[in-house]
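Subject: A structure for you to look at

Hi,

Here is the structure I promised to pass on. Please open it next to this email and follow along as you read.

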Amino acid sequence: RNQLRSLSSATKDDGSPNWSGVLANTREGAKKRGINYDLNLKDFKVWLSEQKNECHYCKISLEDYINKLFEEKYLSDAKPSLRQSSYVNSKRFSIDRKNNDHTIGYTINNICFACHFCNSKKSDKYSYDGFVNKNSIFHTCKCGQQLRLPKNKKISSFSCPICNTSYKKK
């Protein structure tokens, strides 16, 4: 019950993010996991105003994420529980720590927006550079969308979630 009350404070009635609630939940989670937390709402709002509404890693826009283009293109093989998850239906991106060092933790210079899928894939297993450079193949579509493809998946072709242009993997 307390978790539900806490989670509901992170979302306004219209489904948009209540950033003070998001930060409170993040602070509480960091404390439980022994991760340093050094964010305040004032500095966070300045940081927020400077951000693009896109995943830092795969570059999908928040609008496309919300419209479930990402779900239609990339979740077809995912477990039904993930396809129906609140992360897919969320109207915001997660706040990810670029450097997973618990002593650095959540600081203005160590956070970025991440879609649920990139945030989950990166988790604490990969460093920032390791995830961005070694774990992925990047391709910029003619429409400007940057596509991130995992190296370890056997994908022979792929389509842009924005304009549906098809590409063959080299």
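Below is what was found in it, starting with the whole chain and then moving to a few places.

This is a predicted model, in which local features need pLDDT of at least 70 and side-chain atom pairs count only at pLDDT 80 or more, while totals for chains, interfaces and linings use all residues. Residues are numbered from 1 along each chain as its sequence is written, and side-chain values use heavy atoms, with hydrogens and water left out.

The protein has 9 helices and 6 strands (DSSP runs numbered from the N terminus: H or I of at least four residues for helices, E of at least two for strands). Of its 170 residues, 39% count as buried (under 20% relative accessible area, with a 1.4 Å probe and protein chains only).

Let's begin with two helices. Two packed helices are described by the angle between their axes and the distance between the axes. H2 and H3 pack at an angle of about 115°, with their axes 11 Å apart (axes are lines fitted to C-alpha atoms over the stretch in contact, and angles run from 0 to 180 degrees between N-to-C directions). H2 and H3 are therefore roughly perpendicular (65 to 115 degrees). Where do they meet? Trp19, Ser20 and Leu23 in H2 meet Leu41, Phe44 and Leu48 in H3 (contact means heavy atoms within 4.5 Å).

Next, look at the loop between H2 and H3, where you will find Ile35. Ile35 counts as buried because its relative accessibility is 5%. Gly105 is 70 residues away from Ile35 in sequence, yet their C-alpha atoms are 5.4 Å apart in space. Leaving aside neighbours within four places in sequence, Ile35 touches Ala30, Arg97, His102, Gly105 and Tyr106.

Now for the aromatic rings. There are 7 aromatic pairs (rings of Phe, Tyr and Trp, using the six-membered ring of Trp, with centres within 6.5 Å; planes under 30 degrees apart are stacked, over 60 edge-to-face and the rest tilted). Tyr37 and Tyr106 have ring centres 6.1 Å apart and planes at 45°, so this pair is tilted. Tyr37 is in the loop between H2 and H3, and Tyr106, 69 residues away, is in the loop between strands E1 and E2. Both tyrosines, Tyr37 and Tyr106, are buried. Elsewhere, Trp19, Phe44, Trp47, Phe93 and Phe113 form one aromatic cluster.

Enjoy exploring!

How values were computed:
Buried means under 20% relative accessible area, exposed over 50%, partly exposed in between (1.4 Å probe, protein chains only). Angles under 35 degrees count as roughly parallel, over 145 as roughly antiparallel, 65 to 115 as roughly perpendicular and the rest as oblique.
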